[in-house]
Amino acid sequence: MRDTSQRTAPSGHVAIVTGANQGIGAATAKALAARGVAVLCTYLRLPHAPDSGSGDAPGQYDSDRAAGGEAVAEEIRRAGGSAEAHEADLSDPGVPARLFDIAEERLGPVDILVNNASGWVQDSFTPDPEDRFGRPLRPVTAETWARQFAVDARAPALLIGEFARRHRARGADWGRIVGLTSGAELGFPGEVSYGAAKAAQTDYTMSAAAELADLGITANVVHPPVTDTGWVTDEVRRFVASSPALFHVAEPAEVAEVIAFLVSDEAALVSGNVLTLR
């Protein structure tokens, strides 16, 4: 959390940040709140997954994923900001509209949307039993596809649609949408449904940038570098250090600062972009 003595006055803006109980989502909620934005921190407590790359016994990464979002909201409030936490399963297509109802009731009309949450599933077309980091691989199935796309593609599309509908209905002329992506144009070997769902979310966000520009809404996507949200091992760090394409292992707060810039007034001309951070 940044020095609270440097907090700005309330901005009048209200944000929904999905997946805000840990990692980049939590850091983004804090960064926006430090700039005077009221934040609805949505989250879903997830059980320890053996394929998460954190080993058989739950570690800090799994503990963070299983945590609620109230601790993040309380930290923001202690620092003088405004925040509410709400648990929501984004795989339920009725949830996006309810999140806007809750945000409007508790904080005010939403003009910032950060699509950060992921239903991460590691699936693959390869018959290999594990990936380069020793994490178990599972085959692509209807179940892995549906779980991944429900949270990483369908939910962001419905959230963007709800954002746009309410924005137009109240005659608003300022709005910001930011999505988080991963993978690349040539696919995401070892995490194929994850990469495909993120590609779909990117496409939705680029369409929003074009279709909603006349409403004063910008829409961008951030592609973080490898970010240490608790899963990064020494082997992953060695892999990044040896890669010609990967430059840093980032901290969540570093990525959050980029997102905070994209939702600022200073970024009014930045729209329809995928910002690849290295």
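Modeller: In this predicted model, the axes of H1 and H8 come within 8 Å and cross at roughly 50 degrees.

Colleague: Why are H1 and H8 called oblique to each other?

Modeller: Angles under 35 degrees count as roughly parallel, and 65 to 115 as roughly perpendicular. The crossing of H1 and H8 is at roughly 50 degrees, and the two helices are therefore oblique to each other. Their crossing is right-handed.

Colleague: Which residues of H1 and H8 meet?

Modeller: From H1 the residues are Gly23, Ile24, Ala27, Thr28, Ala31 and Leu32. Their counterparts in H8 are Pro252, Ala253, Val255, Ala256, Glu257, Ile259 and Ala260. This contact comprises 10 nonpolar, 2 polar and 1 charged residues.

Colleague: What is the order of the strands in the open sheet?

Modeller: The sheet has 7 strands in the order E3-E2-E1-E4-E7-E8-E11, with parallel pairing.

Colleague: What makes E3 and E11 stand at the edges?

Modeller: Strand E3 (83-87) and strand E11 (274-276) each have a single partner strand, so one side of each lacks a neighbour in the sheet. From one strand to the next, the twist averages 15 degrees.

Colleague: How do you know that E1 and E2 pair?

Modeller: Pairing requires at least two bridges.

Colleague: Which strands does helix H1 touch?

Modeller: Helix H1 (residues 23-33) packs on the sheet and touches E1, E2, strand E4 (112-115) and strand E7 (175-180). Helix H8 (residues 252-262) also packs on the sheet, touching E4, E7, strand E8 (217-223) and E11.

Technical notes. Residues are numbered from 1 along each chain as its sequence is written. This is a predicted model: local features need pLDDT of at least 70, side-chain atom pairs count only at pLDDT 80 or more; totals for chains, interfaces and linings use all residues. Side-chain values use heavy atoms; hydrogens and water are left out. Helices (H or I, at least four residues) and strands (E, at least two) are DSSP runs, numbered from the N terminus. Axes are lines fitted to C-alpha atoms, for helices over the stretch in contact, and angles run from 0 to 180 degrees between N-to-C directions. Contact means heavy atoms within 4.5 Å. Angles under 35 degrees count as roughly parallel, over 145 as roughly antiparallel, 65 to 115 as roughly perpendicular and the rest as oblique. A crossing is left-handed if the near helix is turned anticlockwise from the far one by less than a right angle, and right-handed if clockwise. Ala, Val, Leu, Ile, Met, Phe, Trp, Tyr, Cys and Pro count as nonpolar, Asp, Glu, Lys and Arg as charged, and the others, Gly among them, as polar.
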